[in-house]
Amino acid sequence: MTKSAAVTLLYALLIGLLLALGTLELPVEVPVRVIQAALVIAFTLCAWAFGLLAEPLPTLAFFLLVVLFGIAPANVVFSGFSSTAWWLVFGGSVLGAAINTTGLGGASPPVPSGAISVRTTVICGAWPCCVWCWRF
């Protein structure tokens, strides 16, 4: 079985199970939404772990399925995008991808072996002087 066929089969099975959960009789203790959420999370984790799809695709499928099947409200699902920490990580990822794509990551000039120790000594030696001068 090819990788694309496995992906198609897994996601068809996931959507079939999600749709079938509405008609199955489940124990009273377990809400349908909890089982649906567990299925979506399990399939997303399996897609990431086994590399069935490119990394962003299971994530997008997760968001889509959670909102389409009403497992959680859209404002709860997408609330993490309003966090400043998420945007900081996203910006760093974009910057890292740009550096790798342009080749700047491997284009740094060689550093002489003595330069690092001299620079470190100057910085460490100047720090107490700056702190002492700041007091006055």
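Quick housekeeping. This is a predicted model, so local features need pLDDT of at least 70 and side-chain atom pairs count only at pLDDT 80 or more, while totals for chains, interfaces and linings use all residues. Residues are numbered from 1 along each chain as its sequence is written, and side-chain values use heavy atoms, with hydrogens and water left out.

Okay, the overall picture. The protein chain has 6 helices and 0 strands; those are DSSP runs numbered from the N terminus, H or I of at least four residues for helices, E of at least two for strands. Buried residues make up 15% of the 136 residues, where buried means under 20% relative accessible area, exposed means over 50%, and partly exposed is in between, with a 1.4 Å probe and protein chains only.

Now, helices 2 and 3. The axes of helix 2 (residues 32-50) and helix 3 (residues 56-68) come within 9 Å and cross at roughly 170°. That makes the two roughly antiparallel. For the record, axes are lines fitted to C-alpha atoms, for helices over the stretch in contact, and angles run from 0 to 180 degrees between N-to-C directions; under 35 degrees is roughly parallel, over 145 roughly antiparallel, 65 to 115 roughly perpendicular, and the rest oblique.

Who touches whom? On the helix 2 side we have Val40, Ile41, Thr44, Ala47 and Trp48, and they meet Pro58, Thr59, Phe62, Leu65 and Val66 in helix 3. Contact here is heavy atoms within 4.5 Å. Thr44 is buried, at 5% relative accessible area, and beyond its neighbours within four places in sequence it is in contact with Pro58 and Phe62.

Of its 15 residues, Tyr11, Leu14, Val40, Leu65, Val66 and Ile71 touch the most other members. Helix 1 (3-20), helix 2 and helix 3 each supply at least two residues. Tyr11, again skipping neighbours within four places in sequence, is in contact with Phe43, Ala47, Leu53, Pro58 and Ala61.

Definitions and conventions: A nonpolar core is a set of buried Ala, Val, Leu, Ile, Met, Phe, Trp, Tyr and Cys residues joined through side-chain atoms within 4.5 Å.
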